[in-house]
Amino acid sequence: MNVCVFLSASDLDVRYTGPARRFAELLGEAGHTLVWGGSDTGLMKVVADGVSGAGGRLSGVSVDFLAAKARPVSAPDEMVVTRSLAERKATLMAQADAFVIMVGGMGTLDEATEILELKKHGRTGKPVVLLNTAGFYDGLREQLHRMQEEGFLPLPLAELVFIADEPADALAFLERTVTST
């Protein structure tokens, strides 16, 4: 399974890096491929190292103005460099069988809202998981529930996104969902 992970390239506290590393190790141990923004810095590096170290494959998608920060890869791993952020997102989404949204800033939020909007409109049926590490997305979870309660979502929230607090729960959901589709 190709799992696209949207996440930060910033150096973060262990309360975020620990669970991210654990998810990455589980992904690699299961033989899955990480599809990610390609950076060799911060949390992106932590996750790529975790997947690679546990035997998984890496498929990075960088963008030309960040190419200097891209992870050097060799076969069977791959790195694609796109011309724009829009092309990068489209490439990430096309390569993925499923999505995990980890902690991140504006870029992660942009990627998350785009995949959720596509899913809301039926433009993708691929599963999406919001990994709520250390309660990082508690506010977003509350907002999503409010959107559902007040009629802003045309489908139940549970069909739009699975919210997991633990890395193992996130991967278990993806393995159940992707195998059954």
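Predicted model: local features only at pLDDT ≥ 70, side-chain atom pairs only at ≥ 80, totals over all residues.
Trainee: Is serine 62 buried or exposed?
Mentor: A residue counts as buried when its relative accessible area is under 20%. Serine 62 has a relative accessibility of 2%, so the word for serine 62 is buried.

Trainee: Which residues is serine 62 in contact with, leaving aside its neighbours within four places in sequence?
Mentor: Contact here means heavy atoms within 4.5 Å. With those neighbours left aside, the residues in contact with serine 62 are Gly37, Ala67, Ala70, Met79, Val80, Val81, Thr82 and Arg88.

Trainee: How many aromatic pairs are there, and what kind of pair do phenylalanine 6 and phenylalanine 99 form?
Mentor: The count comes to four aromatic pairs. For phenylalanine 6 and phenylalanine 99, the ring centres are 5.8 Å apart and the planes lie at 20°; because planes under 30 degrees apart meet the cut-off, the pair is stacked.

Trainee: How many residues apart are phenylalanine 6 and phenylalanine 99?
Mentor: Phenylalanine 6 belongs to strand E1 (residues 2-6) and phenylalanine 99 to strand E5 (residues 98-101). Both of these phenylalanines are buried. The pair links distant parts of the chain, and the separation is 93 residues.

Trainee: What are the centre-to-centre distance and the angle between the planes for phenylalanine 162 and phenylalanine 173?
Mentor: These two residues also form an aromatic pair, and it is stacked. Phenylalanine 162 lies in strand E7 (residues 162-164) and phenylalanine 173 in helix H7 (residues 167-180), so the pair ties together parts that are eleven residues apart in sequence. The values asked for are 4.3 Å and 5°.

Trainee: Which residues have the most contacts inside the largest nonpolar core?
Mentor: The largest nonpolar core has 29 residues. Among the elements that give two or more residues to this core are E1, helix H1 (14-29) and E5. Inside the core, the residues with the most contacts are Val5, Phe23, Leu34, Val47, Val100 and Met102.

Trainee: How many residues are in the second, separate core?
Mentor: One of the residues included in this core is Leu144, which is found in helix H5 (residues 138-149) and counts as buried at 6% relative accessibility. Not counting residues up to four places away in sequence, leucine 144 touches Leu153, Leu157 and Val161. Leu153 is also included in the second core, whose number of residues is 21.

Trainee: How far apart in space are leucine 144 and tryptophan 36?
Mentor: In sequence these two residues are 108 residues apart. In space, taken from C-alpha to C-alpha, the distance is 25 Å.

Trainee: How many helices and strands does the chain have, and what is its radius of gyration?
Mentor: The secondary structure comes to seven helices and seven strands. The globule rule gives 16 Å for 181 residues, and the chain's own value is close to that, so the chain is as compact as a globular protein of that length, with a radius of gyration of 15 Å.

Key:
Residues numbered from 1 in each chain as written. Heavy atoms only, no water. Buried < 20%, exposed > 50% of the residue type's maximum accessible area, 1.4 Å probe, protein only. Phe/Tyr/Trp six-rings, centres within 6.5 Å; stacked < 30°, edge-to-face > 60°. Helix = DSSP H or I, 4+ residues; strand = E, 2+ residues; numbered from the N terminus. Core = buried A, V, L, I, M, F, W, Y, C linked by side-chain atoms within 4.5 Å. Rg over C-alpha atoms; globule rule 2.2 N^0.38 Å.
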